[in-house]
Amino acid sequence: MILISRRETMRKQSFTLFLLSFCLLLLMGCATLETKKKPYEVTPKGTVVYRGEFEFILPPLGWNIFWPEGEDEGEFAFGFMRRDPGPFPSQSIFAYDEEPFGCSTTFEGREKEFFKRFLWNAILKFEVLERKKVQVLGQEGLSVTVEGKDPVRKEKAKAKVIFTKRGERIVAFYITQWRPIDGVYDPSAFEVFDKFVQSFKYLKKSFYETL
Amino acid sequence: MEGHQRNLYLYERFNARVLGVSVDDVIILKYWAKSLDLTFPLLSNVTGFLGASFGVEPSLEIKGYPVFSRRTVIIDRRGVIRYVQDGSPRYKEILLLLKKLNEEGQ
């Protein structure tokens, strides 16, 4: 008899605990609904529209998107990164940058300014592998492929930067692939980057074009 | 400062001029301007009186060194202060105000 009543008490306690947990979960659910709305949406055709301003295709699985945090005005960038097989620092990162380093309004001038500060904290000495004029976003652009090596850390990086214009201002797309100094680069990441750039569209004029 | 340099063509379009003021000495500013490819004037105000006259408070973070916090001030053609903002410059806000002042002939 005593055992049964203890069991009943335990059942009641368990039920109360379950109810409490359920209420808590519901409340947590409510809190989640209040969180900040994501700045992007996926369209039925599989592209992503970011802030109603940019449209592009998503890279394949394995690429993680990163959005700017604490984004300052005029310093806007977003992109994707992938951990590559192999030892540190094997990874690939590509991005769209509204305000690439430098101020010059010519591609050649901006290229010079940009590479003074690009990956500056890695202390890489860049060698230009290829520089060519390209058509991007329906207009002329400049594509520069470089490789930088750090013999002290025994690391290297290959990067491709495409400068183009949005209105009067220079913008840039870039990809950086990091490898140990004796590692082999993976060209598939550069192909994903090229497809991303080719798919990229502006859905409206930039703030500066409306002034 | 690099943001101001990028917007220089728009400042010119709105008949505005930009000046940078710093407590650093001329030699430091010269190298700094060169490293960032800045073409607008930078004023070296080692004693900091210019900052003080615009109400900029000395930074409390570095004691014993005359460091001033950042402040953006917009002065119109009549010499009236039309905008004061502390911290990093809000470039879009600045451009919208300059456009408005230019349209008003100020």
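This is a predicted model: local features need pLDDT of at least 70, side-chain atom pairs count only at pLDDT 80 or more; totals for chains, interfaces and linings use all residues.
Visitor: Hi! How many residues does the largest nonpolar core have?
Guide: Hello! The largest nonpolar core has 31 residues. Val161(A) and Ala172(A) have the most contacts inside it.

Visitor: Which elements give two or more residues to this core?
Guide: They are in chain A: the strands β6 (91-97), β8 (139-150), β9 (155-166) and β10 (169-180), plus the helices α2 (107-117) and α3 (187-199). The largest share comes from β10(A), with 7 residues.

Visitor: And Val161(A), what does it touch?
Guide: Leaving out residues up to four places away in sequence, Val161(A) touches Phe114(A), Val144(A), Ala172(A) and Tyr174(A).

Visitor: Nice. Which residues are in the other core, the one lying apart?
Guide: That core has 6 residues, including Ala16(B), Tyr91(B), Leu95(B) and Leu98(B).

Visitor: New topic: in what order do the strands of the open sheet in chain A come?
Guide: The order is β1-β2-β3-β11, so 4 strands in an open sheet with antiparallel pairing.

Visitor: Which ones are the edge strands?
Guide: β1 (40-42) and β11 (201-202) of chain A, each of which pairs on one side only.

Visitor: How many bridges are there between β1(A) and β2?
Guide: β1(A) pairs with β2 (residues 47-50) over 3 bridges, in the antiparallel sense. Val49(A), in β2(A), is the bridge partner of Glu41(A).

Visitor: Where does α3(A) lie?
Guide: α3(A) lies across β2 and β3 (54-57) of chain A, and runs at about 145° to β3(A).

Terms used
Residues are numbered from 1 along each chain as its sequence is written. Chains are lettered from A and ligands numbered from 1 in the order in which they are written. A nonpolar core is a set of buried Ala, Val, Leu, Ile, Met, Phe, Trp, Tyr and Cys residues joined through C-beta atoms within 7 Å. A residue is buried if 20 or more other C-beta atoms lie within 10 Å of its own, exposed if 12 or fewer, and partly exposed in between; C-beta atoms are placed from the backbone. Two residues are in contact if their C-beta atoms, placed from the backbone, lie within 7 Å. Two strands pair if DSSP finds at least two bridges between them. Axes are lines fitted to C-alpha atoms, for helices over the stretch in contact, and angles run from 0 to 180 degrees between N-to-C directions.
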